[in-house]
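Grab a pencil and keep the viewer open. Try each exercise before you peek at its solution.

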Protein chains: 2
Amino acid sequence: MKNRDDLPIKATGHTQRGQCSKRISILDAAANVFCREGFSGASIDEIAVEACVSRQTIYNHYREKETLFTAVVEDVMDRANAMLYSILATFPDKSDNLEDDLTAFAIRLTKNCLCNQDGKFLRKLVQSEGERYPHLFEAWRQHGPGKISTALGALFARLCYKGALQIDDFDLAARQFLALVNADLQMITLFGETPTSEQLESAARNAVHTFLRAYAKPAGETTSRTPTLAAVS
Amino acid sequence: MKNRDDLPIKATGHTQRGQCSKRISILDAAANVFCREGFSGASIDEIAVEACVSRQTIYNHYREKETLFTAVVEDVMDRANAMLYSILATFPDKSDNLEDDLTAFAIRLTKNCLCNQDGKFLRKLVQSEGERYPHLFEAWRQHGPGKISTALGALFARLCYKGALQIDDFDLAARQFLALVNADLQMITLFGETPTSEQLESAARNAVHTFLRAYAKPAGETTSRTPTLAAVS
DNA sequence: TGTAAACTAGACACTATTGTCTAAAACGTC
DNA sequence: GACGTTTTAGACAATAGTGTCTAGTTTACA
């Protein structure tokens with residue numbers, strides 16, 4: 001709903017190298033509108049206005065609405081995946097101060113991946129259009145949440161090897177870690193709101209605290225609390 | 001997409017008391033179509049066909065599309081809330097065999113509330129239309145997930161009092177219990193699929209096992225593992 | 001069997017949207 | 001400054017959807 005006069009700060013118009021900047025502002029605007037209105041609720045005209053671009057330009061770049069939609073989804077997915085792996089790379093690898101380190105990691109993860117604009121977009125769009133475009137989100141399913149548990153599980157395994165944790169099933173622990181981090185945030189994100197820093201921090205602290213209650217290796221012991229219950233099938 | 005010849009088993013047409021059965025089949029069909037297509041993607045004609053009802057009948061009962069939508073949402077919310085509280089009433093109140101009892105409870109909860117048709121509908125619709133109709137879903141926010149943590153928290157408090165658990169913050173524990181139960185199911189439900197019984201059982205077992213690792217009171221002890229870390233703000 | 005209500009099918013006006021086309025304008029580059 | 005490309009604004013047909021209206025049919029019920 002931006003007026004075409006108040007050019008946004010981020011290069012929109014004729015200042016940047018023209019060819020590329022149009023595509024970018026179209027993708028950005030389309031992501032916003034698709035996220036806000038859903039696929040069928042979004043109109044090309046609305047996207048054109050929000051991108052400060054004529055409607056015809058959109059049709060020049062992306063043949064039709066559906067092409068634009070898939071381009072937007074792929075663009076967001078790429079960005080989200082890149083961000084996700086860059087955050088995963090900051091997983092703590094030493095085991096002193098584990099609670100603080102894990103909490104800080106959880107905050108980074110939620111702030112930059114789960115609760116940012118791209119995360120919100122993907123959550124909404126997968127939920128509302130996932131059944132209609134199964135092939136489109138298959139990549140996300142595979143490389144996004146599908147891989148994140150495995151990748152995170154491997155990182156937990158490393159911590160485990162260093163003796164800090166006691167985990168039977170690494171992937172399960174990773175899924176539960178993510179679930180716990182989300183426990184306090186779901187209600188907020190479900191309504192499209194963005195959690196405050198305080199909420200993110202509190203959620204992360206609660207999650208890590210409980211996670212460590214379940215999975216931390218007791219101080220001096222080597223065999224400890226019911227570790228033989230052979231989790232999972 | 002039902003043909004009007006193969007009258008569904010559930011009373012649709014002229015057999016039941018006519019006045020009410022039309023409303024019901026309209027609400028049912030509308031719920032399906034809204035859930036499948038979203039608000040703007042759903043067309044009245046499509047709903048009419050799926051309800052085996054003429055379009056005019058829909059306009060007779062519900063003045064316009066938006067009225068129908070709110071009626072559908074309220075209908076589903078009422079049903080979902082009733083089911084939720086009836087399941088909450090089956091929360092285990094004795095502490096022997098706690099792991100099995102909690103697991104069975106978690107299965108009941110997921111099967112009948114979180115993963116059934118109404119649960120899917122609410123998740124999708126809150127996500128896609130929640131921002132557009134904040135007033136409409138406010139009731140759900142309050143009485144649905146808002147209350148469930150509190151109610152479940154109180155039930156955990158009872159178990160705690162009986163000496164089975166050791167919990168600092170009951171509401172937080174309740175949120176985490178729900179989050180853990182969902183940990184293995186999110187990927188499935190996110191794409192609109194319905195988990196199998198095996199998946200529900202496995203998810204519940206994993207969740208309860210970890211939950212008890214974090215919150216079970218160690219067998220003989222009275223003061224135990226780091227209980228003084230004063231959870232939560 | 002008769003009456004009032006509910007329902008149906010179809011036509012209808014109106015609006016919104018998609019996607020195409022065209023001529024003019026702006027732009028980058030040499 | 002000239003050239004080719006990109007962009008723009010607007011008109012345009014085609015389609016789909018909403019909501020209204022009407023005339024005829026079916027239903028419920030007494």
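**Before you start**

You're looking at a predicted model, where local features need pLDDT of at least 70, side-chain atom pairs count only at pLDDT 80 or more, and totals for chains, interfaces and linings use all residues. Residues are numbered from 1 along each chain as its sequence is written, while chains are lettered from A and ligands numbered from 1 in the order in which they are written.

**Exercise 1. The layout of chain A**

Task: work out how many helices and strands chain A has, and what share of its residues is buried.

Solution: 
- Begin with the DSSP runs, numbered from the N terminus: helices are H or I over at least four residues, strands are E over at least two.
- On that count, chain A has 11 helices and zero strands, and its pattern along the sequence reads α-α-α-α-α-α-α-α-α-α-α.
- Next, burial: with C-beta atoms placed from the backbone, a residue is buried if 20 or more other C-beta atoms lie within 10 Å of its own, exposed if 12 or fewer, and partly exposed in between.
- Of the 233 residues in chain A, 38% are buried.
- Last, contacts, meaning pairs whose C-beta atoms, placed from the backbone, lie within 7 Å. Among the chain A contacts with a separation of 6 or more, 63% join residues 24 or more positions apart.

**Exercise 2. Two helices inside chain A**

Task: describe how α4(A) and α6(A) cross, and say which residues meet there.

Solution: 
- The axes of α4(A), residues 65–88, and α6(A), residues 117–129, come within 10 Å and cross at roughly 130 degrees.
- That makes the pair oblique, since angles under 35 degrees count as roughly parallel, over 145 as roughly antiparallel, 65 to 115 as roughly perpendicular and the rest as oblique.
- The crossing is left-handed, meaning that the near helix is turned anticlockwise from the far one by less than a right angle (clockwise would be right-handed).
- On the α4(A) side you'll find A:Val73, A:Val76, A:Met77, A:Arg79 and A:Ala80, which meet A:Asp118, A:Gly119, A:Phe121, A:Leu122 and A:Leu125 of α6(A).
- Sort these residues by class and you get seven nonpolar, one polar and two charged. Here Ala, Val, Leu, Ile, Met, Phe, Trp, Tyr, Cys and Pro count as nonpolar, Asp, Glu, Lys and Arg as charged, and the others, Gly among them, as polar.

**Exercise 3. Where the chains meet**

Task: find which element of chain B gives the largest share of the side that touches chain A.

Solution: 
- Count first: 33 residues of chain B contact 33 residues of chain A.
- Elements giving two or more residues on the chain B side are α1 (18–41), α6 (117–129), α8 (170–183), α9 (186–190) and α10 (197–215).
- The largest share, seven residues, belongs to α8(B).
- By class, this side of chain B has 13 nonpolar, 14 polar and six charged residues.

**Exercise 4. α6 against α6**

Task: which residues meet where α6(A) packs on α6(B)?

Solution: 
- The two axes lie 9 Å apart at an angle of about 130 degrees, so the helices are oblique to each other.
- Their crossing is left-handed.
- A:Lys124, A:Gln127 and A:Ser128 meet B:Lys124, B:Gln127 and B:Ser128.

**Exercise 5. One helix of chain B**

Task: compare the span of α4(B) with the expected one, then list its buried residues.

Solution: 
- The expected span is 1.5 Å times one less than the number of residues.
- With 24 residues, α4(B) reaches 34 Å from its first C-alpha to its last, close to the 34 Å expected.
- Its buried residues are B:Leu68, B:Phe69, B:Val72, B:Val73, B:Val76, B:Met77, B:Ala80 and B:Leu84.
- B:Met83 also lies in this helix, but it is partly exposed, with 16 other C-beta atoms within 10 Å.

**Exercise 6. Positive phi**

Task: are B:Cys52 and B:Asn97 buried, partly exposed or exposed?

Solution: 
- B:Cys52 has phi near 55 degrees and sits in the loop between α2 (44–50) and α3 (55–61) of chain B. With 19 C-beta neighbours inside 10 Å, B:Cys52 is partly exposed.
- B:Asn97 has phi near 60 degrees, a positive value in a residue other than glycine. B:Asn97 is exposed, with 11 other C-beta atoms within 10 Å.

Methods. Axes are lines fitted to C-alpha atoms, for helices over the stretch in contact, and angles run from 0 to 180 degrees between N-to-C directions. Two residues are in contact if their C-beta atoms, placed from the backbone, lie within 7 Å.
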